[in-house]
Amino acid sequence: MRPLAMTTWLLFALLSLGGCSRLQPDTPVGAYQTFHRHVQRGELPKAYAGLSQQTQQVLKTRAQEVSDASGGMVKPEPLPLFFANVPVPPDVQEVSLLRQEGDVATLVVRSAGRSGEVRMVREPSGWKVDFSASPQP
């Protein structure tokens with residue numbers, strides 16, 4: 001096999017293999033998988049960045065309410081409020097798109113014999129997990 005043909009074949013094989021397990025954060029499914037991976041690894045600032053702006057605003061408001069209620073003893077920091085006392089989530093067995101209408105998508109997430117729906121929204125920076133109706137991981 002000629003060197004150019006061998007190089008081309010190897011490049012094709014690597015790209016093909018790399019695409020199989022590669023996350024696509026520009027899709028609702030890929031963005032959720034990225035968020036989940038960050039939570040599992042304890043990369044909380046990165047996970048927090050995967051939350052929608054509306055979810056982050058709800059968390060900021062709640063963090064301020066908690067701080068006010070504590071007389072300032074608790075700092076109004078939304079990240080620790082959201083992730084406090086949350087166990088590491090189990091591995092996800094399957095994430096699939098249930099429906100998508102414009103900039104809103106609903107995913108079905110299955111893990112450890114359980115399943116649930118997760119709302120995703122598309123923002124200018126990409127797809128984000130939206131817990132604004134009920135901000136809990």
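**View A. Glutamate 101 and its bridge partner in strand 2.** The bridge partner of glutamate 101 in strand 2 is valine 104. Helices (H or I, at least four residues) and strands (E, at least two) are DSSP runs, numbered from the N terminus. This is a predicted model, in which local features need pLDDT of at least 70, side-chain atom pairs count only at pLDDT 80 or more, and totals for chains, interfaces and linings use all residues. Residues are numbered from 1 along each chain as its sequence is written, and side-chain values use heavy atoms, with hydrogens and water left out.

**View B. Strand 2 with strand 3.** Strand 2 and strand 3 (residues 114-123) pair in the antiparallel sense over 8 bridges. Threonine 106 has arginine 119 of strand 3 as its bridge partner. In this hairpin, alanine 112 takes a positive phi near 45°. Because 6 of the 8 residues of strand 2 (residues 104-111) are buried, this strand is largely enclosed by the rest of the structure. Buried means under 20% relative accessible area, exposed over 50%, and partly exposed in between (1.4 Å probe, protein chains only).

View C. The buried residues of helix 4 are Thr55, Gln56, Leu59, Ala63 and Ser67. The face turned away from that buried side carries the exposed residues Gln54, Asp68 and Ala69. Helix 4 is followed by glycine 71, with a positive phi near 70°.

Terms used
Two strands pair if DSSP finds at least two bridges between them.
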